[in-house]
Amino acid sequence: MICRSAIDGRVIGEVNEASPEDVAVAIERARRAAAEWRVVPAPQRGQLVGRIAEIVRRRKHELAETIVNEVGKIPSEAEGEVQEWIDVCEYAVGLSRQLYGLTVASERPNHRMMEQWHPLGPVGIVTAFNFPMAVWAWNAMIALVCGDSAIWKPSEKAAMCAQAAHAVLAEAGAPPGLSQVVQGRGDVGQTICESKDMPLISATGSVPMGRQVSVTVGRRLGRCLLELGGNNAAILTASADLNVALPAIVFSAVGTAGQRCTTLRRLIVHESILRDVVERLRAMYGRLRIGDPRSPDVLVGPLIDERAWLNMRGALEQAAAQGGTPICGGEMIVDSVPAGGFYVKPAIVSVPGNLDIVREETFAPILYVMSYREFDDAVALQNGVRQGLSSAVFTNDVREAEWFVSAAGSDCGIANVNIGTSGAEIGGAFGGEKDTGGGRESGSDAWKAYMRRATNTINYGRDLPLAQGVRFDV
């Protein structure tokens, strides 16, 4: 499989594409490795992850360069992604001594009831191109300390990143078969999802892909951890501090060329400040430095490929046909950028509300701007799409802030106040609701998805009382 750079389309490497037989061998190796790894004490499993963190820290710049060269991120974003890997390693090392269960009060005398969390087994990890190392690390580092093995099917658009990242595990001394990478296209992921030896499939990507994974894994009653599309919105209230809000909005909307699942795609602005906000955003967009991400001061690199550009252009055409008004951007840049890449000016479009095209996630830097009068109308617009990943409100009114994060407010898995939709920390559980899939990765108690729960009841008495007062004399 030929690997190309998003920067200029040049060939940067080649990887072997796994056959169905290769995948079957990898699954069997993962099954055997999991059987051995699950009996290793969790703190010792954490020591392996700690060694991984040390290597990644030493090679941070090198790994970030691989991300820049293949998927076109700017260096600071690429290094930030590698830092996420380091951060989740540190979190996982601590977690390896905190895989706690509960002691539960028993209604029967001389009985003790408790919960234990045991390793689940081989975990399949399917990732997208936009975070080619971090999302795998969120899953794999937690799975390792939980006692699981892992098989990683990365995006074919980020194959070299996967090779570079996975090489770290061998250097850290991971046992054979404990973590494997299988390269290929959708059929490779499908084979992993179909295997009854894979109790959990963690998949990150589009909603259609997630539906297919869910059906395939659900048919065999396996578990899914899905983190799918986000059609994220921010509400900009009349009381907002625009010096805080506008830079956050721009970064959330154009960072990674709009190719993050947490990218800001809908901006809901109070009507009293709409004109001023639009003009200030137009000016800030005009100052964006777009081009070769390896060049100093560039803030926006290329789209991943031609298909992404065609999707962006098509979405802008549909928005205009449905009543949207272009404000700025949306053109392809052909001068002063590397030939063979797809560089675009991030677009802003004024829309009267959640048009049909606005309800769809376009993985490109398009920001739809709409207005509101009453705060409950703004929340309804925020919630008025099928996706439910990330959301934000910018306000200095404590009532609006509390409303937004309440049960009656944002229906997303992430709800922020006075920060943008993009740039989550690893300590919190990451994921969303509705069509985003309901899965949670990274921090908090997301580790429980990679383990199985066992409830144990121990009778240390000499009688056999039954629960609920049942009598059964024989």
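Q: Which residue of β6 is the bridge partner of V126?
A: The partner is K153. This is a predicted model, in which local features need pLDDT of at least 70, side-chain atom pairs count only at pLDDT 80 or more, and totals for chains, interfaces and linings use all residues. Residues are numbered from 1 along each chain as its sequence is written, and side-chain values use heavy atoms, with hydrogens and water left out.

Q: What makes β5 and β6 a pair?
A: Two strands pair if DSSP finds at least two bridges between them. β5 (residues 123-126) and β6 (residues 150-153) have four bridges, in the parallel sense, so by that definition they pair.

Q: Why are β7 and β9 called edge strands?
A: The open sheet has five strands in the order β7-β6-β5-β8-β9, with parallel pairing. β7 (179-181) and β9 (223-227) each have a single partner strand, so one side of each is left without a neighbour in the sheet.

Q: What is the span of α9 from its first C-alpha to its last, and what span is expected?
A: Helix α9 (residues 242-254; a DSSP run of H or I, at least four residues) has 13 residues and reaches 18 Å. The expected span is 1.5 Å times one less than the number of residues, and the helix comes close to the 18 Å that this gives.

Q: Which residues of α9 are buried?
A: Among them are L242, L246, I249 and V250; buried means under 20% relative accessible area, with a 1.4 Å probe and protein chains only.

Terms used. Helix = DSSP H or I, 4+ residues; strand = E, 2+ residues; numbered from the N terminus. Buried < 20%, exposed > 50% of the residue type's maximum accessible area, 1.4 Å probe, protein only.
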